[in-house]
Structure formats: C-alpha cells, structure tokens
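Trainee: Could you take me closely through the sheet, and then through the way helices pack in this model?

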Amino acid sequence: MKTIRIVAADDSAVMRGLLTRMFSMEQAASMQLCATVPDGASCLHAVRTLHPDVVLLDLHMPGLGGLEAIVRLRQEWPCLPIIMCSAATADGAAATLEALAKGASDYVTKPAGAMDAAVAMEALWGQLAPRILALVQREVRFPVRRSGAPTRLRGTQVEAVGIGVSTGGPAALERLLTGLPEDFPVPVLVVQHMPKLFTSALVARLDRCCAMRVRQAAAGVALFPGTIWIAPGESHMEVKMGAHGVPCIGLREVRQCGAAVDVLFQSMAEVFGSGALGLVLTGMGADGVAGARAIVEEGGSVLAQDEASSVVWGMPGRVAAAGLAQAVLPLDRLGRALVAMSSVGRCRHVVVEEMEARYEHC
C-alpha cells in the first residue's frame, strides 16, 4: 500500500506538535505528515503544492477559518477527504455539524487540554487511523450478491423505519430526512455513531430543517408517527412493547462504544416483525449486518445506500454483500423509497390522526 500523505491545519502550535509526534509513531509508518500549517490560507497553498491524500482541518483559525476553507477546498477538490478536528464542546459540536454539511468527510474530537501527551496521542490516533484508512481506501469492493430478476420493493405494510449510519452520516441524514413529509405515517428511529454531545446538536439542527419532529430518544417514550427519534450517544436504543400494546423506546447505557445499529434493528424485528423497515446508510465497519438479517428473517425489508453516494461504503456495502438489501439505491432515491413503502396499505393523513389519538394516553 502506498504511503498516505497528510496535510494538517491548526492554529495551535501544541496541536501541530502533537500531530507531528503522533505521525512519527511506529504504527503510523504507512502515513506521512507532509505539512502542518497554522491557517486555512496556508492549507490551501499546501494542498495545491503537495497534493495530499487527506486534509486534517481545525475549525477556528485566524484569517481563513475551517468552514471557509472547506468551501474553497471543495470547489477545487470535490473528492479530497477532509477530517475536522473539533473541540468536544457544545459550540464545537454545532460548528462540526455545519462543517459536515459544507462538505467535510468526517471529524474527530481533540484530546482534553489536561491530558498527558502520550495518552493524548493514543486517544487521537485511535480516532484518526481508522477514518483515514476508510476514506483513502474507498477502492475496496465487496462482492455484492445479485439476482437476475429486477428489484421489486415488498408490499408489506411498514410500522416503523430504523436508520443506521456512521461516517458521512450527518450530511446524509440531513439530505434524506428533510425530504420526508410532515405526515409521514410511521415513526423513524436513527442510530448515528457519534458522542452524546454531538447527537444533541444533531437533533437541534435536524429539528430546524425537517418537516417531521426530531427528538432525542428517551426511555419509555411511546413511538409516534411523524416523529424522528435519534439515539443519544453512549446509549443503545431499542424498541419495547409498552403498556396497552404501544411500542416504546428503551435505552441501555454503553460504556465501551457508542449506540449499535444491530441492537435497534434486532429489537424492531422482534416487535414489528414484517412491519420493520431498516435502512443502512454510509459508514465504516459492519454494524447493522446482524440486525438487518434479523429483520429479513422476520419478513421485514432492508434498504442500503449505494457506493457512489456514500462517503464510506462499509456498513451499507457489507449489508449488500450479505444479500440482505432488498434494494441498493442512491441517497436521493432512498427518501422516495421510504415514502412509497411506508404508504402501502394506508392513507397517510388518516393514519397519523388515528395513531396519535391511540397514543394520547401514553
């Protein structure tokens, strides 16, 4: 494998020094930090002259800041992987989501200021290394199982939609969910791999731009149609059958990793059976495969985002390779597919009124 060339822009001399030391570690031998610069203008110049494979970009820099730099970089290099280095604060989370909407590929959180240098390097390396490899090695292919027959979406009545997503997720969710109508007839549950601070900012951002209500999931809350529930970071979200036969949200704290798509999908398969519809969007790793299999085994449906529209075709690619996706579609077509499949067997306007009346007592 060729050496991965990296340009890093950060106004902090401490952070630039940390990055220099980190990429000098033995485990970073396949990567070369070919330049560290203090601002966005210098970053643009370095990219033009050095032609790196990846850019690491700070948000707040003098002169040309991170957000402005993203716009300029995307104008000249639409496919260049850009990873934001964000502060783990509420302001940092909101700015990071804006950066992702403007075209950043992914993000990592900076080590806490009081952290020991060696510990900080290991923590940052643990975040950066898999993201850099996933974004640069997009040429990796999964052998997708295909049948000779054309794809037909099942006509089973959908009772709930579950969405799993990771790398590239916030921008993909914004494009997908803003296309769903206010009277979407079933609840939507989302697992996005990110820390709790960032999922809170994501909920606030999506609630401003979506026709549907967007809420952070809370244990025991009944699932209403016309509402999008997002799992808080560090918690597994699952569906449970509550009082009076009404499906409700369950949460389980996670300490070693974030919310898992598999947990959500498996619980949806148990509660909704053939009425479960799972959607796997862009992201690295294999989370969602086991859950997708559970949905399919109960007669439900699974859709996956295609490779061309994914930032990283890990999660959806593995679902497609396992033969679990009923259809593999571009992001722009997935929204229309959700509306069409969720409308089978019902009039959306009527069913929303009926279901909300049913849940009034919860």
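**The sheet and its helices**

Mentor: Val 7 has Val 55 in E3 as its bridge partner, and this pair belongs to the stretch where strand E1 (residues 4–9) and strand E3 (residues 54–58) run parallel, joined by 4 bridges. The model is predicted, so local features need pLDDT of at least 70 and side-chain atom pairs pLDDT 80 or more, while totals for chains, interfaces and linings use all residues. Residues are numbered from 1 along each chain as its sequence is written, and side-chain values use heavy atoms, without hydrogens or water.

Taken as a whole, the sheet is open and holds 5 strands with parallel pairing, in the order E2-E1-E3-E4-E5 (strands are DSSP runs of E with at least two residues, helices runs of H or I with at least four, numbered from the N terminus; pairing needs at least two DSSP bridges). Strand E2 (31–37) and strand E5 (106–109) are the edges, and because each has a single partner strand, one side of each lacks a neighbour in the sheet. Direction ignored, neighbouring strands are turned by 25° against each other on average (axes are lines fitted to C-alpha atoms, for helices over the stretch in contact, and angles between N-to-C directions run from 0 to 180 degrees). Packed on this sheet is helix H5 (residues 117–136), which touches E1, E2, E3, strand E4 (82–86) and E5 and whose direction makes about 170° with that of E5 (contact means heavy atoms within 4.5 Å).

Turning to helix pairs, helix H4 (residues 90–102) packs against helix H7 (residues 196–209) at about 60°, with the axes 9 Å apart, and H4 is therefore oblique to H7 (under 35 degrees counts as roughly parallel, over 145 as roughly antiparallel, 65 to 115 as roughly perpendicular, the rest as oblique). Residues in this contact include Ala 93, Leu 97 and Ala 101 of H4 and Leu 197, Phe 198 and Leu 202 of H7, and by class the contact divides into 9 nonpolar, 2 polar and 2 charged residues (Ala, Val, Leu, Ile, Met, Phe, Trp, Tyr, Cys and Pro are nonpolar, Asp, Glu, Lys and Arg charged, the others, Gly among them, polar).

The axes of helix H2 (residues 40–50) and helix H3 (residues 66–76) come within 10 Å and cross at roughly 20°, so H2 is roughly parallel to H3. Gly 40, Leu 44, Val 47 and Arg 48 of H2 meet Ala 69, Arg 72, Leu 73 and Glu 76 of H3, a contact of 4 nonpolar, 1 polar and 3 charged residues.
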